[in-house]
Amino acid sequence: MLLVTGITGHTGRYFLQELIDHKYEGPIRCILRKTSDTSMLDQSGLDIEKVYGDLNDEEFINKSMIGIDDILHIYNIHHSPAIVKVAINNNVKRAILVHTTGVYSNFKHASQNYKDIEKKVSEMTSPAKCPTKITILRPTMIYGDLCDSNISKFIKMVDKMRIMPVINEGRSLIQPVNARDLGKAYYKVLTLPDQTAGKVYDLSGDKPLRMIEAFKMISANLNKKTLFISVPLKLGVFLAKVIKAITFGKIDYIERIQRMGEDRSYLHSKAETDFNYNPMTFEEGIKIEVDQYLSNQI
């Protein structure tokens with residue numbers, strides 16, 4: 001039996017669509033929240049068992065793990081150590097963990113927690129007799145629907161602002177990955193245990209591009225004329241600190257501004273070799289998302 005967390009979320013829904021498209025025949029147990037929209041699950045035609053609970057509750061995780069052979073943990077990287085611990089105790093064969101390329105950030109506040117989590121997972125699964133084989137997937141900046149927390153915000157900003165500030169002329173490299181490509185990647189990894197067990201894969205978009213290029217593509221797809229004004233990183237961070245102070249910490253964009261000054265592009269050659277990972281171009285993906293945005297405005 002396959003156990004999945006986060007199947008009703010952004011990338012989880014595209015993984016579910018892959019299961020549907022490939023007519024997956026095995027039983028699937030999905031961990032859900034009471035507020036989850038399960039309509040897609042209910043209409044999938046798949047052999048799905050729904051269980052409701054809190055991943056902070058180890059007893060609940062343990063009950064959910066009974067009879068499980070494989071795990072795809074999409075929901076939240078912070079629950080990975082608990083998931084792996086219970087998986088080992090229940091002799092689960094394999095766990096696929098969706099983490100993040102945020103682990104590479106130069107800013108300790110942004111990356112150290114992710115590094116600590118992966119270290120815990122490695123320590124638990126390092127003994128040769130460990131029954132659970134781990135695969136870690138690290139997506140870059142995820143986009144593809146208006147519910148993403150990255151590109152959708154940029155689309156709204158470009159649409160509303162005729163003059164838009166960009167950090168350091170928008171020179172930093174990004175490599176956003178479309179949620180549709182992640183759904184396909186999750187499915188491929190699930191179906192290729194021998195090739196992917198025990199490995200770590202960075203899942204990035206087609207190719208790197210400058211942040212200013214991404215903004216200009218968004219502007220062009222919106223049919224807007226946007227003037228982009230360069231803001232030095234230090235000034236951007238200072239203004240973010242001021243906003244944080246006057247809002248008593250309620251609005252904190254400091255780390256987000258800092259990361260806009262660093263390159264966030266990563267090779268996906270290992271995934272390309274092992275399971276034919278072939279993500280769409282940003283030009284294709286951003287057109288889909290902007291079209292969705294414009295349809296919603298109408």
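Guide:
**The nonpolar core and its surroundings**

The largest nonpolar core has 29 residues, and those with the most contacts inside it are Ile151, Ile155, Phe215, Ile218, Leu222, Phe282 and Ile286. A nonpolar core is here a set of buried Ala, Val, Leu, Ile, Met, Phe, Trp, Tyr and Cys residues joined through side-chain atoms within 4.5 Å. Buried stands for under 20% relative accessible area, exposed for over 50%, and partly exposed for values in between, with a 1.4 Å probe and protein chains only.

At least two residues of this core are supplied by each of helix 6, strand 8 (163-167), helix 9, strand 13 (227-231), helix 10 (233-246), helix 11 (254-259) and helix 13 (282-297). Helix 9 gives the largest share, six residues. Helices (H or I, at least four residues) and strands (E, at least two) are DSSP runs, numbered from the N terminus.

This is a predicted model, in which local features need pLDDT of at least 70 and side-chain atom pairs count only at pLDDT 80 or more, while totals for chains, interfaces and linings use all residues. Residues are numbered from 1 along each chain as its sequence is written, and side-chain values use heavy atoms, with hydrogens and water left out.

Leaving aside neighbours within four places in sequence, Ile218 is in contact (heavy atoms within 4.5 Å) with Ile151, Phe154, Ile155, Val158 and Ile286. Apart from this core lies another, of 28 residues, among them Ile7, Leu41, Leu46 and Val177. In soluble globular proteins, nonpolar side chains tend to be buried together.

The structure holds seven aromatic pairs. One of them joins Phe154 and Phe215 edge-to-face, at 5.0 Å centre to centre and with 90° between the planes. Because Phe154 lies in helix 6 (residues 151-160) and Phe215 in helix 9 (residues 211-221), this pair ties together parts that are 61 residues apart in sequence. Rings of Phe, Tyr and Trp (its six-membered ring) pair if their centres lie within 6.5 Å; planes under 30 degrees apart count as stacked, over 60 as edge-to-face and the rest as tilted.

Phe154 and Phe215 are both buried, and together with Phe228 they form one aromatic cluster. For Phe154 the relative accessibility is 14%. Beyond its neighbours within four places in sequence, Phe154 is in contact with Phe215 and Ile218. The C-alpha atoms of Phe154 and Ser219 are separated by 9.8 Å, although these residues are 65 residues apart along the chain.

Helix 1 may be considered next. Helix 1 (residues 10-21) has twelve residues and reaches 18 Å from its first C-alpha to its last, close to the 16 Å expected at 1.5 Å a residue; the expected span is 1.5 Å times one less than the number of residues. Its buried residues are His10, Thr11, Gly12, Tyr14, Phe15, Leu16, Glu18 and Leu19. After helix 1 comes Lys23, whose phi is positive, near 55°.

Thr11 has a relative accessible area of 7% and, leaving aside neighbours within four places in sequence, is in contact with Ile74, Ile142, Ala179, Leu182, Gly183 and Tyr186. The C-alpha atoms of Gly12 and Thr281, 269 residues apart along the chain, are separated by 21 Å.

Charged groups also meet aromatic rings. The charged end of Arg13 sits over the ring of Tyr14, 5.9 Å from its centre, and that of Lys270 sits over the ring of Tyr201, 5.9 Å from its centre. A charge sits over a ring if NZ of Lys or CZ of Arg is within 6 Å of the ring centre and within 35 degrees of the ring normal.

Finally, the whole protein gives the setting. The protein contains 13 helices and 13 strands. Its radius of gyration is 20 Å, close to the 19 Å that the globule rule gives for 298 residues, so the protein is as compact as a globular protein of that length. This radius is taken over C-alpha atoms, and the globule rule is 2.2 Å times the number of residues to the power 0.38. Of the 298 residues, 49% count as buried. Among contacts between residues at least 6 apart in sequence, 77% join residues at least 24 apart.
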